[in-house]
2 protein chains.
Amino acid sequence: MEQMEILDGKIELPKGFVASGVFAGIKRSKKDLALIYSERLANISAVFTTNRVKAAPVILDMERAKKGKAQAIVINSGNANACTGEKGIEDAKSMAKKVAEVLEIEEEDVLVCSTGVIGVPLPMEKVLKGIEVAALSLSKEGGYDAAHAIMTTDTFLKAVTVKFNVEGKDITMTGFAKGSGMIHPNMATMLSFVLTDASVEKATLDKAFKNTVNRTYNMISVDGDMSTNDTAIVMANGMAENKAIQEGTYEFDLFYKALEYVNKTLARLIAKDGEGATKLIEVNVINAKTENDARLAAKAIVNSNLVKTAIFGEDANWGRILAAVGYSGADFDVDKVDIYLKSAKGEVKVCENGSFFAFDESLAKEVLKEKEIFIIVDMKAGEFMATSWGCDLSYDYVKINGSYRT
Amino acid sequence: MEQMEILDGKIELPKGFVASGVFAGIKRSKKDLALIYSERLANISAVFTTNRVKAAPVILDMERAKKGKAQAIVINSGNANACTGEKGIEDAKSMAKKVAEVLEIEEEDVLVCSTGVIGVPLPMEKVLKGIEVAALSLSKEGGYDAAHAIMTTDTFLKAVTVKFNVEGKDITMTGFAKGSGMIHPNMATMLSFVLTDASVEKATLDKAFKNTVNRTYNMISVDGDMSTNDTAIVMANGMAENKAIQEGTYEFDLFYKALEYVNKTLARLIAKDGEGATKLIEVNVINAKTENDARLAAKAIVNSNLVKTAIFGEDANWGRILAAVGYSGADFDVDKVDIYLKSAKGEVKVCENGSFFAFDESLAKEVLKEKEIFIIVDMKAGEFMATSWGCDLSYDYVKINGSYRT
């Protein structure tokens with residue numbers, strides 16, 4: 001990463017971007033409306049939830065994202081505008097229309113995201129008023145306010161900025177996100193926004209974004225549920241004035257690495273901040289026959305309630321890990337699998353060739369006391385790997401999700 | 001069901017069957033070895049875990065079940081004989097060999113099941129001694145002992161007997177099972193045994209058993225994990241001396257109903273006794289386009305941690321139910337879906353046409369206070385339905401699964 005300057009936790013808006021986050025009154029007291037604006041129409045790529053039950057703004061954005069261009073994104077928290085019928089679609093359109101009016105841009109170039117309670121109509125008067133205030137508040141420093149305004153039960157802000165140089169031009173890429181735990185009050189959402197002043201060809205941007213999303217946000221799991229509102233969007237406005245990046249070049253590799261780093265960092269932070277989580281779990285499946293086998297196994301492990309509770313209990317319960325690989329759908333030979341547990345305290349092999357391995361229980365205990373736990377599964381079947389991220393399953397998960405409305 | 005006498009919770013061994021359950025010393029103090037024996041070689045059908053990581057006895061039984069005949073089943077609890085390598089296979093074979101010796105039957109006609117800790121070799125001296133004692137203890141009344149000896153963290157015995165008449169012959173069918181929670185210490189297993197003195201053609205028995213298993217055991221979920229040892233076996237020894245039952249007859253319908261009732265009863269009891277469960281959840285997806293759509297939706301709902309925690313918290317959180325249907329893979333139209341919550345206290349519609357429905361919150365609260373909760377999802381898309389069973393997700397689930405070895 002020597003070609004990149006990494007600013008973890010920081011938001012530095014790239015050239016031509018301004019943002020804001022304000023209190024519109026959808027939530028009781030916290031900031032709940034964010035606005036992102038680019039001076040110049042930006043190339044964009046976006047991915048959305050694959051849930052058939054899609055929130056109104058997702059339905060709207062899926063259509064608008066097809067042209068690969070956008071200039072502004074408006075996001076509200078506190079209400080997901082999901083399961084709201086025809087009225088919901090109208091409300092999402094009205095939000096975009098209002099943004100277009102106050103920013104004097106095309107309505108079609110505005111994307112809309114929502115997160116929060118489902119099945120309840122948006123308080124549109126407040127929302128539209130909020131958009132006016134947000135537009136007046138736009139600033140170069142407004143990224144933090146925007147990042148705060150999209151939060152729901154997140155316990156910390158998730159952001160990162162990377163800077164690199166392409167053909168003498170300074171490029172900035174900043175990303176911020178909110179958590180994926182299906183959260184207060186009915187459920188919530190993963191929202192992620194990546195902004196860059198790099199000039200990138202539309203098709204190239206699309207390919208790079210979708211590939212990295214597949215290896216980052218699509219490899220995290222808090223509880224296996226999938227929201228109606230999940231959305232990740234990248235905007236590249238080209239104001240760094242570099243020659244448009246194309247695939248197959250050194251510049252592309254650099255851009256791709258930066259994008260992957262931003263998405264991976266945000267994905268990890270989301271996993272770490274899973275509801276009730278006390279530990280971050282990173283699963284590395286290595287030496288798999290195909291990348292798909294590695295992905296299936298890595299996702300099954302990080303999704304397993306039994307693995308998650310074992311990690312919460314700091315129990316080196318390798319049988320649960322092996323069993324999860326077993327039902328993952330991955331093609332592998334049980335008799336070859338080795339499993340390791342790792343953390344800052346060390347590494348311990350807990351299973352060899354699919355069978356019990358006489359490991360040091362006290363070392364395993366020490367390893368599992370840490371806050372970041374790595375599970376390494378060596379399939380010894382090929383040369384592909386995959387990484388997934390998740391969190392443990394704690395009493396607080398049950399508490400947060402069991403007692404909201406009571 | 002007027003043609004059937006139902007004895008819930010009872011085990012009455014059919015003609016020609018004897019059983020026993022003894023303490024072999026695999027567990028610390030409880031019964032841990034069961035034996036089932038039929039005087040006459042019985043037609044059998046069996047289904048096994050689809051986990052690629054299969055316990056040694058499962059690997060053995062899958063081969064032996066192919067011929068569709070068996071005369072005895074030996075089951076031990078306290079040790080799953082899984083992830084035990086070549087030695088595990090040898091041990092499973094030795095168990096069968098010992099049973100064959102003491103009962104003077106063919107080794108090939110003995111099936112073996114294990115449940116308990118994985119990755120630890122069986123204490124074979126104790127197991128073989130236990131088999132000798134179990135053989136000496138076989139009796140007509142031994143079903144209860146057998147049912148107790150297969151239990152692990154089950155909190156109650158799961159058994160049912162039904163009696164019916166075929167062409168003047170009295171038929172008895174009895175079933176007992178142990179829980180499916182992936183349990184103490186590493187994980188455990190669903191084991192189910194159905195015994196009948198009916199005479200049933202082999203292919204007919206196979207078809208009836210697999211069909212009913214698909215609609216019963218395969219529709220329950222405690223935590224979405226799948227064990228290395230799951231096994232369900234039916235034995236029909238023909239000693240009721242009825243004319244062998246064939247498909248497409250009135251007798252078959254009766255037999256099928258009885259078998260389905262037994263499997264459904266045991267499946268429900270397993271769901272009800274899920275680890276840490278405080279409520280049984282039954283999901284009915286109705287008016288689906290295809291049976292598969294109904295099954296996918298029903299399973300996704302009962303598997304959702306968010307639905308499970310909401311039911312634990314007695315929260316009428318219909319958005320989570322709809323979202324689970326959304327990612328289930330089922331083909332449906334969101335704008336048509338109605339959702340109802342039901343219990344002994346009444347029924348309340350909580351979602352209409354995929355949107356919020358102004359329901360009576362206090363009635364919903366009352367409904368959810370009960371111990372058996374029904375979730376009804378009306379897709380209004382066709383005429384197929386499916387039912388699934390599960391349980392809520394409580395603090396105790398986390399406790400049981402998080403703190404075993406600590």
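Residues are numbered from 1 along each chain as its sequence is written, while chains are lettered from A and ligands numbered from 1 in the order in which they are written. Because the model is predicted, local features need pLDDT of at least 70 and side-chain atom pairs count only at pLDDT 80 or more, whereas totals for chains, interfaces and linings use all residues.

**Domains of chain A**

Select residues 5-272 of chain A for domain 1 and residues 280-402 of chain A for domain 2, bounds that come from an automatic or database domain assignment. Taken over C-alpha atoms, the centres of domain 1 of chain A and domain 2 of chain A are 32 Å apart. Nine residues from domain 1 of chain A and 11 residues from domain 2 of chain A take part in the contact (two residues are in contact if their C-beta atoms, placed from the backbone, lie within 7 Å). On the side of domain 1 of chain A that touches domain 2 of chain A, helix 6 of chain A gives the most, with four residues; helices (H or I, at least four residues) and strands (E, at least two) are DSSP runs, numbered from the N terminus.

**Helices 1 and 2 of chain A**

Next, select residues 56-64 and 85-103 of chain A, helix 1 and helix 2, which pack at an angle of about 60° with their axes 8 Å apart (axes are lines fitted to C-alpha atoms, for helices over the stretch in contact, and angles run from 0 to 180 degrees between N-to-C directions). Among the residues that make the contact are Ile59(A) and Leu60(A) of helix 1 of chain A and Ile89(A) and Ala92(A) of helix 2 of chain A.

**Helices 5 and 6 of chain B**

Moving to chain B, select helix 5 (residues 202-215) and helix 6 (residues 250-272), whose axes come within 9 Å and cross at roughly 40°. In their contact, helix 5 of chain B contributes residues including Phe209(B) and Val213(B), and helix 6 of chain B contributes residues including Phe255(B) and Leu259(B).

**The sheet of chain B**

Finally, show the open sheet of chain B, in which seven strands follow the order 9-16-11-15-12-13-14 with mixed pairing (two strands pair if DSSP finds at least two bridges between them). Strand 9 (220-221) and strand 14 (355-356) of chain B stand at the edges, each with a single partner strand, so one side of each has no neighbour in the sheet. Within the sheet, strand 11 (residues 280-288) and strand 16 (residues 384-391) of chain B pair in the antiparallel sense over seven bridges, and Ile281(B) stands opposite Gly390(B) in strand 16 of chain B.
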